[in-house]
Amino acid sequence: AAPPEAARVPSEALLRAAAVAEAMVVRYRTHGHTAANIDPLHEPRPGDAVLDLANAGVSREELAAVPASVLRVPVQANTAAEVLDALKQTYASTIAYEVEHVSSHEQRAWLRERIESGVYRKPLGNQERMRLLERLTGVEAFERYLRRTFLGRQTFSIEGLDALVPMLAEALDMFAGDGIGTTYLGMAHRGRLATITHIAGGKFEDVLTEFEMVELKGQRGEGDVSGDVPVHLGSAGPFRTASGKQIEVVLPSNPSHLETVDPVVEGETRAAQTDRSKGAGAIDHKKATAILIHGDAAFNGQGVVAETLNLSLLDGYTIGGTLHIIGNNQVGFTTDPGEGRSTRYASDLAKGFDIPVIHVNADDVEATIAATRLAVDFRRRFGRDVVVDLIGYRRFGHNEADEPAYTQPLMYEIIAAHPTAREIYVRKLVAQGLIGEEQAKAAFDAATKRLSDAHKIVKSGLADLRPRPIEPPNGNGALVAVETRVSADALRRLNDALLSVPEDFTVHPKLARQFERRRGVLAAGNELDWGIGESLAFASLLTEGVPIRLTGQDTERGTFSHRHLVFHDAKTGRRYAPVQHLAGARAAFEVHNSPLSEFACLGFEYGYSAAAPDALVLWEAQYGDFVNGAQIIIDQYITSGRSKWGMTSRLVLLLPHSYEGGGPEHSSARLERFLQLAAEGSIRVANCTTPAQYFHLLRDQARSPKARPLVIMTPKSLLRLKAATSSLQDLAEGGFQHVIEDPTIGDRKEILRVILCSGKIYYDLIANAARAEAKDLAIVRVEMLEPFPFEAVLKVVESYPNVKSVAWTQEEPRNQGARAFVSRRLREHLLPRGIGWGYVGRPDRSAPSEGYAGQHQVEQERIVAQALATKDYGEA
C-alpha cells in the first residue's frame, strides 16, 4: 500500500526546484540591483547572469510546483514562481537595494522585510501626488527663471535631480513627526539655490538680491567688500511640513571644497544634541539630526567623506545616524565615472562602513519618496547612517556657462531630448485623470509669476542695495580684557578634586606617584607644570558654568603623557575622569580621543564650536606638524568664515610645536601659515612660555565676550622643564602678558641690543653659559603673535635708551616661523630711529628642520651662540 500523504518524500525535481528558488531569492537580494532601471538616460542593463532563470537548471513550471511558504519571504504569493516574479519587480525596478553587505542580521532582516513587503511602494494618495507635483513645479520654474534672467551666470542648477527637493521635504516631514527640532543640512553648489528657497527658509527676494548685488559690488566706491558668491551662502529658517508641523532647517555656508562641510554639519548637529550642563554631557538624538547631500564624483574622490563616515559610530562624534543623499549627475564637471572612480557605483564607499544603500531613478519621483521613507525609517530604528543614491543627470553644463557637449556629446544628445521630471510626472497624472494639461501649465505660470513679482520688488530697491550685513572686522583684533585670576584656595580645592578617585579604583602605580607630586607641588605653591596649569584652567571654568569639549589624537592621556584627564583602573581597565565629577561644577566636560585623522576631526570641532558659542572647544594635534592634514578647514572656515559668511567660533587649536631634534615631521606646526592667514582680527595666535600664561589664555578665550579662534603653539620639552614652571601666585594674582620683559635686567641704560623671541628658544638662550656674560643684552618674549602687540613691543624696546640693535630669534628656518610676519611690523619703525633690525635662526630651507638629532643639536647651539654673541644683527 502507498504511504500516507504526510509521509511522502518530495521528488528530486521538486527538491531541486525548491533549492533553486531559495538560491534565486538570495540572488535577487544580492544582485537584483544590477538589472534595475535606475538610470533615467539609458535602458536597464541585462543584470548579472545569476539572475537568469535559464542558467538555473529548472523550469518555471517546476518552480510553480513549490509552495511560496517554503521560501519564507514577506510577499503575497502562492508559489515560488510568483515569489520570484515579485522579487524581480522589487529588486530590479526604479529602486535598487544593496543591503546584504550589512553585518547585522537584525538590520538585514528588518530591511528585507520592509523592502519585500512593498510597504513603501504603495501608491501615493491624490493629495500627496498633487503636493509632489507642486514641489516639482516650483523647482523647475525657479531654475528656469534664474537661467533666463541672469544669462551666463553660474547657478549650478538642480535640473536633472529635481526630485531632491521633495525628498528633503519628505525627510523633514518624518523628522518633525519624530519630534526632532532642527535639521542641519550640508551640501555643495548643485541645487543649493533651490534648496535654500524651497527647504531652508530662504526667500526668493534674498537669492535675487544676491544676484543683483554681484553686478553692483565695486561700482559704488564701497571699497573692499567681504562676503561670498550666492551658491556658497547658507540659510536658516523654519520648514512647515505637510502635516502642519514646523522644523528648523540650518544650511551652513559651504566653500568650493565640496565635501568639507560634511564634518562641519556633523559637529553642529552634535552640539545641538548635547546637554552641556553637567558631567560628561548628555546626548539626545531627538534634538537635532543631519542630512548630507553629496556629489557623485566627490563622494568617492574626496577623502573627507570616508573620514566623516568613520565618525558615525564613535562615542565622541555619533549623532544617531545621518541621512546621506548622493546627487548623482553621472559626471564630475567634465570627468566620466570611469575616469573618476574604481567602483561600480558612486555609493560603494559607504558599504565599507556597514551602511545600507538605496539607489533610485530620479525620474520616478514617487519612487524617490519611497526610498526616502525607507532610509529615514532605518535611521529611526537603528540610529545608523543610510545612503540614498539619487541617480539623475545634469541638464546643463557644470555651471551653465560652459558647453557640456564638448566632453560628453552622446550623453547631452540624450539629455537634450529628455523630458524634465515635472513633465514626466504631469504626463503620468494626466493619464490617471488627476490633472489636466492646462491646469499643470497654469500652475507653472503662477510659480513663474511669483518669482517675477519678487524680482520686481528687488529691482525697485536697487539704489539702496547693500551687501548682506556681516560683523565688521575687529581692527587689530584687540579684545576687551576679562578677569582670568582664580583664588589660591579655590585652585587648591580644584587640584585635590582633580586627583580624587573612587575608593574601589586602582590608579596605575607610576601615575599615582605623579599625582602625589602634583598634590605636593600645589600645596607648596611653586613649580606648577603645564599639565597642572591646563587642568586648573579647565576645572575653574567648569565651576563658572563654561562647558568644555577637548578632542584629538591621544588627548585623554596627552601625546607626551602629561595630561591624564581620564584614568584607567590598573586592575579592571575601568575608566574614570575626575574632571567630570567636580563638586560645584556647573557645566559639562567632554573629552575624547579622536580617530587618526585631522581633516574631518577639525571640521567637526569647528562645526561644534560654531553651534555652541557658550562652550570652549579645543582640538589638539598629536604633533603640530600634522595640522596641515586639515589645512582646508583652516583656510576655508577657521580663518575666513567670519569675513565670508559671518560665522564665528571660539575654537582653540593646540599644536605641539618646538624643535627637539625629532626631525622635519615632528618640529613645526607651520606657524607661518597661520600668521599669513591672519587679518581683520580673524584669529589669535600665541606661543606661550609658561603654564601660567597658558592658564590665563585659556580662561580668556573661554570668557571673552567676542568669539574667535585661537591657535596655540604648545610645547613638548617645556612640559617638564623646571625653568618653565609657574607659581600658584602667578595663577591667582597674574594675568596673560602679551609681552614678557627680561626679568634679569638691572640698569636699562646698559642694554645695547634686544632679542625678541617666542616659545622654547627663550629657554635655550637663557640656559647657555654665554647669557651671563652678555650684560648689554635683553631677551624679550612675544607671547601673543596675532594680534601682534605692536605698541607693547615698541614700548619695551624704547625703554632701553641706548639700544642700537634688535633681532628676531627663532628655531624655524628664515622663510618659516614668525620672522617675516614680525619684520613687516617692526622693521619700518625701528630703522628710522637708528635701531638696527636683524635675524638669527636657521637659513631658508624647504623642510622645517634637520633629520638627525645630532645635526639638530649643532644647529641649535649655533643659533644660540650667534644670538648671544652678535653685536650688530644686520638685516633680517
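## Charges over rings

The charged end of Arg781 is placed over the ring of Tyr762, at 3.9 Å from the ring's centre. Keep in mind as you explore that this is a predicted model.

## Aromatic pairs

Rings also meet other rings. Searching the whole structure turns up 17 aromatic pairs. Take Tyr623 and Phe626: their ring centres are 5.7 Å apart and their planes stand at 65 degrees, so this pair is edge-to-face, the class for planes over 60 degrees apart. Phe626 has a relative accessibility of 23%, so this residue counts as partly exposed, because buried would require under 20%.

Elsewhere, look for Trp110, Phe378 and Phe382, which together form one aromatic cluster.

## Two helices side by side

Now turn to helix H18, covering residues 488-498, and helix H19, covering residues 509-524. Their axes are 10 Å apart, and the two helices pack at an angle of about 175 degrees. An angle over 145 degrees counts as roughly antiparallel, and H18 and H19 are therefore roughly antiparallel to each other.

Which residues make the contact? From H18 come Leu491, Arg492, Asn495 and Asp496, while H19 brings Arg518, Arg519, Leu522 and Ala523. Sorted by class, the contact of H18 with H19 has four charged residues, three nonpolar ones and one polar one.

Technical notes: Residues are numbered from 1 along each chain as its sequence is written. This is a predicted model: local features need pLDDT of at least 70, side-chain atom pairs count only at pLDDT 80 or more; totals for chains, interfaces and linings use all residues. Side-chain values use heavy atoms; hydrogens and water are left out. Rings of Phe, Tyr and Trp (its six-membered ring) pair if their centres lie within 6.5 Å; planes under 30 degrees apart count as stacked, over 60 as edge-to-face and the rest as tilted. Buried means under 20% relative accessible area, exposed over 50%, partly exposed in between (1.4 Å probe, protein chains only). A charge sits over a ring if NZ of Lys or CZ of Arg is within 6 Å of the ring centre and within 35 degrees of the ring normal. Axes are lines fitted to C-alpha atoms, for helices over the stretch in contact, and angles run from 0 to 180 degrees between N-to-C directions. Helices (H or I, at least four residues) and strands (E, at least two) are DSSP runs, numbered from the N terminus. Angles under 35 degrees count as roughly parallel, over 145 as roughly antiparallel, 65 to 115 as roughly perpendicular and the rest as oblique. Contact means heavy atoms within 4.5 Å. Ala, Val, Leu, Ile, Met, Phe, Trp, Tyr, Cys and Pro count as nonpolar, Asp, Glu, Lys and Arg as charged, and the others, Gly among them, as polar.
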